[in-house]
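The following report goes through one model, beginning with a strand and its neighbours and then turning to loops, rings and pockets.

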Amino acid sequence: MHGVQDEHLSVVDKTKKALHSKISCSCGYVSLWASSILDSIGVKSRCVSGLTLDDWNSYNNGHTMIEVYTENENKWSCYDIDNHVMFLANSIHLDFCEVCNAVCNGREYELRCLSSAAVTDSSYEGALYFDKISGEANLRKWYKRVLQVPLIRHKNSKYYFCDQKNRKRVRQYSKTYKFINESSFKRYFY
């Protein structure tokens, strides 16, 4: 569930707790946890994030998800563990950049539910905000805000992006955000 109660737990402790109850973490923590579990069983995965270029506020300036590499499709597929959805177009899994492109450019995409479990921890102080984005139409509107600049996390804990137009602005947000040109970005990550 989206919340913060279990963010302090180690990966091992989150995994132990998840065997018998729900864990409560925000998008970054649950994505790092899920990616570490997948990596530990030999499934190639990575964290991906989006940033907004709209005016920043205190609660929804970006979002973190995971990509999982599917050997038989020879393709990365994007999953939003925090909101319990995956992304498809014409029954084909979308990678993170394809998701951002579809969301920001009004292209058709499908949200397929991964779980019917509750998405938000009711004890989380932001629960009222997340209740406002419940429902597919609101989630799509929210994605349009938070997925304007795609960033992909490298094993060195830096996030790489290729938005030349907003390069200076994005780099100001965090020292871990590193610009590379679009052809290098695509070649390196896809």
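## Strand E4 and its partners

In this predicted model, E4 and E5 form a hairpin with 2 residues between them, and Asn90 in the turn has a positive phi of about 55°. Strand E3 (residues 75-80) pairs with E4 in the antiparallel sense over 2 bridges, and the bridge partner of Tyr79 in E4 is Met86.

E4 is joined as well to strand E6 (residues 110-113), through 4 bridges and again in an antiparallel arrangement; in this pairing Met86 stands opposite Arg112 of E6.

## Burial of the strand

Strand E4, which spans residues 85-89, is mostly covered, with 5 of its 5 residues buried. In a regular strand the side chains alternate between the two faces of the sheet. In E4 both faces are covered: Val85, Phe87 and Ala89 are buried on one side, while Met86 and Leu88 are buried on the other.

## Positive phi in the loops

Most residues other than glycine have a negative phi. Ser91, in the loop between E4 and E5, has a positive phi near 65°, and this residue counts as exposed because its relative accessibility is 61%, where the cut-off for exposed is over 50%.

Asn74, in the loop between E2 and E3, has a phi near 50°, a positive value in a residue other than glycine. Asn74 also counts as exposed, because its relative accessibility is 58%.

## Aromatic rings and charges

A search of the whole structure finds 10 aromatic pairs. Phe87, Tyr109, Trp142 and Tyr143 form one aromatic cluster, and Phe87 in this cluster is one of the buried residues of E4.

Arg140 lies over the face of Tyr109, at 4.1 Å from the ring centre, so that by the criterion for a charge over a ring, which asks for a distance within 6 Å, this placement qualifies. Elsewhere, Lys44 lies over the face of Tyr69, at 4.8 Å from the ring centre.

## The two largest pockets

About 450 Å³ of space lies in the largest pocket. This pocket is lined by 18 residues, of which Cys97, Asn101, Pro150, Cys162 and Glu182 are the closest to its centre. Helix H3 (96-105), strand E7 (149-153) and helix H7 (182-189) each supply at least two residues of the lining, and the largest share, 6 residues, comes from H3. By class, the lining of the largest pocket divides into 9 nonpolar, 4 polar and 5 charged residues.

The second largest pocket has a volume of about 390 Å³, and among the 20 residues that line it, Cys27, Tyr59, Gly62, His63 and Thr64 lie nearest its centre. Two or more residues of this lining are given by each of helix H2 (27-40), strand E1 (45-51) and strand E2 (62-70). The lining of the second largest pocket has 8 nonpolar, 11 polar and 1 charged residues.

How values were computed: Residues are numbered from 1 along each chain as its sequence is written. This is a predicted model: local features need pLDDT of at least 70, side-chain atom pairs count only at pLDDT 80 or more; totals for chains, interfaces and linings use all residues. Side-chain values use heavy atoms; hydrogens and water are left out. On a 1 Å grid over the protein atoms alone, a cavity is a set of points where a 1.4 Å probe fits but cannot get out, and a pocket is an open set with protein on both sides within 12 Å along at least five of seven lines; lining residues have an atom within 4 Å of a point. Grid points are joined across faces, edges and corners, and a volume is the space filled by probe spheres set on the points. Ala, Val, Leu, Ile, Met, Phe, Trp, Tyr, Cys and Pro count as nonpolar, Asp, Glu, Lys and Arg as charged, and the others, Gly among them, as polar. Buried means under 20% relative accessible area, exposed over 50%, partly exposed in between (1.4 Å probe, protein chains only). Two strands pair if DSSP finds at least two bridges between them. Rings of Phe, Tyr and Trp (its six-membered ring) pair if their centres lie within 6.5 Å; planes under 30 degrees apart count as stacked, over 60 as edge-to-face and the rest as tilted. A charge sits over a ring if NZ of Lys or CZ of Arg is within 6 Å of the ring centre and within 35 degrees of the ring normal.
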